[in-house]
Amino acid sequence: DLRSLKADVLGGDATLELSADFLDTRPQQGNIIRFCCRLFVFQGDPAAVSGAWHFAVHNALAISARGEPSRGGTPQKWHRVTSRVALPPDTEFAVVQLVAVRKNDLRFPAEFGYQFVDDVKLTLTTLPPLPVRHSQR
């Protein structure tokens with residue numbers, strides 16, 4: 001819920017950033033799994049999106065999604081994924097999704113039990129309005 005920050009957001013440019021570290025501990029290399037950070041920003045009542053998410057996503061003011069592929073195996077390493085969205089002035093709340101899916105077939109979840117997420121951060125960055133200078137030639 002970003003409504004309490006609305007005065008800060010309206011005062012200048014604002015960006016919401018979601019970052020997370022993902023780990024794929026499958027012992028052998030396998031099908032590609034894509035780790036994703038997704039941000040959706042909305043105006044209105046947050047309860048309105050919970051009942052029919054697949055319809056509500058079409059009403060998002062802005063969307064950002066970033067991902068990183070993994071095949072598992074060794075060496076096992078953490079994958080840092082970061083997604084950023086510029087906030088429209090009428091933003092009131094955001095929905096965050098952390099996802100692990102099989103690449104090329106997003107309808108089915110990946111084989112779970114070997115994927116982990118850690119160090120999840122949601123950061124709001126604001127910049128003051130810049131002065132505008134008009135010139136004539």
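Predicted model: local features only at pLDDT ≥ 70, side-chain atom pairs only at ≥ 80, totals over all residues.

Author: Residues are numbered from 1 along each chain as its sequence is written, and side-chain values use heavy atoms, with hydrogens and water left out.

Reader: What pattern does the protein follow along the sequence?

Author: Helices (H or I, at least four residues) and strands (E, at least two) are DSSP runs, numbered from the N terminus. The secondary structure comes to three helices and six strands. Read along the sequence, that gives α-β-β-α-α-β-β-β-β.

Reader: In the open sheet with β2, what is the order of the strands?

Author: Two strands pair if DSSP finds at least two bridges between them. Strand β2 (residues 29–42) is joined to β3 by 10 bridges, and the two run antiparallel; Leu39, for instance, stands opposite Ser64 in β3. The three strands make an open, antiparallel sheet in the order β3-β2-β5.

Reader: And which are its edge strands?

Author: An edge strand here pairs on one side only.

Reader: How many bridges pair β1 with β6?

Author: This is another open sheet of three strands, antiparallel, with the order β4-β1-β6. Its edge strands are β4 and β6 (115–127), each pairing on one side only. Asp24 stands opposite Gln115 in β6. Strand β1 (residues 13–24) pairs with β6 in the antiparallel sense over 11 bridges.

Reader: Why does Thr91 count as buried?

Author: Thr91 lies in the loop between β4 (78–86) and β5. Buried means under 20% relative accessible area, exposed over 50%, partly exposed in between (1.4 Å probe, protein chains only). Thr91 counts as buried because its relative accessibility is 3%.

Reader: Which residues is Thr91 in contact with, leaving aside neighbours within four places in sequence?

Author: Contact means heavy atoms within 4.5 Å. Separately, the Thr91 side chain reaches the backbone oxygen of Pro88 at 2.8 Å. Leaving those sequence neighbours aside, the contacts of Thr91 are Leu2, Lys6, Val41, Phe42 and Leu61.

Notes. Polar contact = N/O pair within 3.5 Å; in protein donor to acceptor, adjacent residues only side chain to side chain.
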